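Here are my notes for a colleague who is new to this entry. Please read them with the model open.

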Amino acid sequence: MSPQDALMSYAFLGLPAGLALGLVLGLVARREDGWGGYGSVRRRAARLGHIAAVMLPLIAGFYALALDGVTNAAAWWGVRLWIAGGIGLPLVLFVAAWRPRFQLALPVPATAITSSAVAFALAYLAY
């Protein structure tokens, strides 16, 4: 499996999962007081988690297309970090919406995503 295949697999599995998650969130969000009301931190964290669950797999698909043929070590590190951060960030955001003290864990997946983007840039430049 190439780095592009791994990213595309994540994109094609993660995007429907993120959209399905949005359907589930809609059941709670349709109520005025769902997740503490429209402007609450809990509801904003849940909405951000949904956006991350949809957009990170989509961006992974774009990276897979842009890095076509790049198979160096930086590309592989980028793939590992992107998938870990792409799964971890929505998960931590939803847990933080449930229990706000878990907001302290947000830098871990956010750093993985940022490091992955840097690794992809280095992989492309070294190609």
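1. Burial first. A residue is called buried under 20% relative accessible area, exposed over 50%, and partly exposed in between (1.4 Å probe, protein chains only). Buried residues make up 37% of the chain, which has 127 residues.

2. What is shown. This is a predicted model, in which local features need pLDDT of at least 70, side-chain atom pairs count only at pLDDT 80 or more, and totals for chains, interfaces and linings use all residues. Residues are numbered from 1 along each chain as its sequence is written, and side-chain values use heavy atoms, with hydrogens and water left out.

3. Layout. The chain has 4 helices and 0 strands. Read from the N terminus, the order is α-α-α-α. Helices (H or I, at least four residues) and strands (E, at least two) are DSSP runs, numbered from the N terminus. The C-alpha trace spans about 50 × 30 × 20 Å along its principal axes.

4. Contacts. Contact means heavy atoms within 4.5 Å. Take the contacts between residues at least 6 apart in sequence: 77% of them join residues at least 24 apart.

5. Surface. The chain exposes about 7400 Å², and carbon and sulfur atoms supply 73% of that area. Accessible areas come from the Shrake-Rupley method with a 1.4 Å probe; for residues, only the protein chains shown count as cover.

6. Charges. The chain has 9 positive and 4 negative charges, and their mean positions lie 14 Å apart. Lys and Arg count as positive, Asp and Glu as negative; His and the chain ends are not counted. Each charge is placed at NZ of Lys, CZ of Arg, CG of Asp or CD of Glu.

7. A nonpolar patch. Which residues make the nonpolar surface patch of about 630 Å²? They are L48, I51, M55, L58, I59, F62 and L65. Patch residues have over 30% relative accessible area and no salt bridge; nonpolar side chains (Val, Leu, Ile, Met, Phe, Trp, Tyr) are joined within 5 Å, like charges within 9 Å. A salt bridge is a side-chain nitrogen of Lys or Arg within 4 Å of a carboxyl oxygen of Asp or Glu. L48 sits in helix α2, residues 41–66. L48 counts as partly exposed because its relative accessibility is 46%.

8. L25 and L58. L25 belongs to helix α1. Its relative accessibility is 15%, so L25 counts as buried. L25 and L58 are 33 residues apart in sequence and 19 Å apart in space, C-alpha to C-alpha.

9. S40. This residue is in the loop between α1 (3–29) and α2. Buried or exposed? S40 counts as buried, because its relative accessibility is 16%. Its C-alpha atom is 30 Å from that of A11, and S40 and A11 are 29 residues apart along the chain.

10. V95. Helix α3 (residues 73–98) holds V95. V95 has a relative accessible area of 25%, so it is partly exposed. V95 and A17 are 78 residues apart along the chain, with their C-alpha atoms separated by 17 Å.

11. S116. Look in helix α4, residues 107–126. S116 is buried because its relative accessible area is 0%. Which residues does S116 contact, leaving aside neighbours within four places in sequence? They are G78, L81 and W82.
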